[in-house]
Amino acid sequence: MRARLPLWLKLAFTAWILGWAPTYALLLGPQNYFWLCNFANFLILLGLWTESRRLLSMQWLAVALVGTLWAVDVGTAWLAGVHPIGGTEYMFDPAHPLTTRLLSLYHLLLPLVAGFAVLRLGYDRRALRWQTGLTWLVIPASYLFTAAERNINWVHGPFGVHQESLDPLLYLAGLMLAWPLAVYLPVHALTCLLQRRGWLKG
């Protein structure tokens, strides 16, 4: 069967992972892979080579809105010196290695790659529950197995800031509900709308 995703894209993304993954591990440590957006790199790579519509649809939910908001926050801070959303202050902090800050620009790339793949392969509506299930595994794992000061996936407070208003486990439960409702569901709803109008494969 003829491949539906171009070989050049698979090879280019593989080359990106081969450069990005060891560099991040060396400079930031393996804990950094617990970030859902970092984890998405590996799942997109697997999805590209297997041409898995479900896996790529899941990662489309994971990166579309997050990547867009990341771009807005970085772009506004770069142009106006203000972070309207927050969470990307590290991009302008010289305490962080320039290499890792430049590599973090992948947040702009992933929505394009995942979106192109979904456009070519179609959107799997089951992606919402599958990505939610994955998130409900990664969020508690981030809380249990990563350093609190890293605040990976904001398991200790939103936008990188530790919170003290709620019991930590109550906050964690709220985060697990908020992530699929606030991040995945809007993208899922919009993608399904495009699908119903015939702009995406079913």
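**Exercise 1.** In this predicted model, how are α6 and α7 oriented to each other?

*Solution.* Helices α6 and α7 are roughly antiparallel to each other. Start with the angle: α6 (residues 127-145) and α7 (residues 168-196) pack at about 150°. Next, apply the cut-off: angles over 145 degrees count as roughly antiparallel. The axes of the two helices lie 10 Å apart. Finally, the handedness: α6 and α7 cross in a right-handed way.

**Exercise 2.** Sort the residues in the contact of α6 with α7 by class.

*Solution.* First, find the residues. Helix α6 contributes several, including Leu128, Trp136 and Ile139. Helix α7 contributes others, among them Leu172, Met176 and Trp179. Then count by class: 15 are nonpolar, four are polar and none is charged.

**Exercise 3.** Which parts of the chain does the salt bridge between Asp124 and Arg54 tie together?

*Solution.* Begin with the distance. The closest N and O atoms of Asp124 and Arg54 are 3.5 Å apart. A salt bridge needs these atoms within 4 Å. Now place the partners: Asp124 lies in the loop between α5 (106-121) and α6, and Arg54 lies in helix α3, so the pair ties together parts 70 residues apart in sequence.

**Exercise 4.** Is Asp124 buried or exposed?

*Solution.* Asp124 has 4% relative accessibility. Buried means under 20%. Asp124 therefore counts as buried. Arg126 is partly exposed, at 35%.

How values were computed. Residues numbered from 1 in each chain as written. Predicted model: local features only at pLDDT ≥ 70, side-chain atom pairs only at ≥ 80, totals over all residues. Heavy atoms only, no water. Axes fitted to C-alpha atoms, helices over the stretch in contact; angles between N-to-C directions. Helix = DSSP H or I, 4+ residues; strand = E, 2+ residues; numbered from the N terminus. Parallel < 35°, antiparallel > 145°, perpendicular 65-115°, else oblique. Left-handed = near helix turned anticlockwise from the far one by under 90°. Contact = heavy atoms within 4.5 Å. Nonpolar A, V, L, I, M, F, W, Y, C, P; charged D, E, K, R; others polar. Salt bridge = Lys/Arg side-chain N within 4 Å of Asp/Glu carboxyl O. Buried < 20%, exposed > 50% of the residue type's maximum accessible area, 1.4 Å probe, protein only.
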